[in-house]
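I opened my notebook for a first look at this structure. Come along and check each entry against the picture.

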Amino acid sequence: MSGLAELWRSDRVLRLAPAGAVACSALLPVAQVLLAFSYMDNDTRTGLWSLAATGAYLPLHLRHVWYAAHARRPPAGVWTFAVMAAVILGATPLAGNMWPRSYAALVVSALLVLPAPWSYLVYVTVAAAAAPIGYALGLPWTSAPWLLFSVLAGSAALLLLVWLPAALTRLRAARELLAQQAVAQERRRLDDDLRRSLGRALESIAARGEQAGRALESAAAHGEQAGGGKLGGAVPEGLPDELAALADDSRRTLADARQRVRGYRRPSLRAELETAATLLAAAGIETRLELPRGGVPDAIAPQSRAALRATVTRLLRTGAVPSCTITVTSTDGRLRLELRTGEATETIEMPA
């Protein structure tokens, strides 16, 4: 139940993060409107222009943020960005001397929508123009550097709020892809194993059965020619022994198949270790897998598998782990799994 609760909390954070990015992206434009009404040399007219322009461009900007927070590019994003830029730049002479603070939203949308290097060019050009434009609109020169800092700091904060849920979305997609690849790899392994073992045995049984069937048909044909009917032919020499051996081989193959199926129901230790190493590496954690020379068992106990997955999940959520070494050691016939992350080491016992 605790694992399901943690997974639910993780999914809830992933669902709420884009909404939080959109909400925070709307706060700065609202503050901009308030400044347009109250800052020096501004009046009701500039405030109304600021309010109208914000109402025109803000839905487009929030649309860009919403798609980017879901790690996607908005459809027709270049066109909506062009409309947004036209509104913001067109309102610059009318919306007051603090209106260039809204350039933070413009440069954020540029980075989220436009391809490189155009996005970087727009970011640098618009951000650098904020202070001179504010000064030209009547802002004191002593306040112009603060305006430039507001654009840079505001855009950086908004970008972090957008890129964080986008990174979480990409990480989740990568985990799902790795899980699908692990399942496909395990299926290929099972298919190859069955083809090498049971496939050959079944082909041999089928060939011997066909040979025995042809021998019986030949004997029946000779019996009909001799006038004894289909059952009057003599049984070929050695055929009963061959049929008995065929039945024994069939039973052994069936027993082998049942044993292999029971083994497949238990997860593979090597597959679990390789999946854990791949997940950690995909999260940017330098991971090394060390296995004993004698190999590892084919199966892993459920409690050991649960402990391994819980440890990997914790390391992925920590985010401050630079490297991890997964080591399997054998002492007195008992296996032990160790996960070393810097100075910390976690040990998982592997019962036989």
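**Ground rules.** I am working with a predicted model, where local features need pLDDT of at least 70 and side-chain atom pairs count only at pLDDT 80 or more, while totals for chains, interfaces and linings use all residues. I number residues from 1 along each chain as its sequence is written, and side-chain values use heavy atoms, with hydrogens and water left out.

**Helix pair.** I looked up helix H2 (residues 44-69) and helix H4 (residues 103-113), and found that their axes come within 10 Å and cross at roughly 40°. My labels come from DSSP runs, numbered from the N terminus: helices are H or I with at least four residues, strands are E with at least two. Axes are lines fitted to C-alpha atoms, for helices over the stretch in contact, and angles run from 0 to 180 degrees between N-to-C directions. H2 and H4 are therefore oblique to each other; that word covers what is left after under 35 degrees (roughly parallel), over 145 (roughly antiparallel) and 65 to 115 (roughly perpendicular). Which residues make the contact? I noted Tyr57, His61, His64, Val65 and Ala68 on H2, and Ala105, Val108, Ser109, Leu112 and Val113 on H4. Contact here means heavy atoms within 4.5 Å.

**Sheet.** Next I traced an open sheet of four strands, in the order E1-E2-E3-E4 with mixed pairing. Strands count as paired if DSSP finds at least two bridges between them. At the edges I found E1 (286-290) and E4 (344-350), each pairing on one side only. The twist averages 15° from one strand to the next. Helix H8 (residues 269-282) packs on this sheet and touches E1, E2, E3 and E4. I also saw that E2 (residues 323-331) and E3 (residues 334-341) pair in the antiparallel sense over seven bridges, and that Val328 has Leu337 in E3 as its bridge partner.

**Two residues.** Ala26 touches Leu58 and Leu62, not counting residues up to four places away in sequence.

Arg336 sits in strand E3 and is partly exposed, at 37% relative accessible area. Arg336 and Glu349 lie 13 residues apart in sequence and 4.9 Å apart in space, C-alpha to C-alpha.

Definitions and conventions:
Buried means under 20% relative accessible area, exposed over 50%, partly exposed in between (1.4 Å probe, protein chains only).
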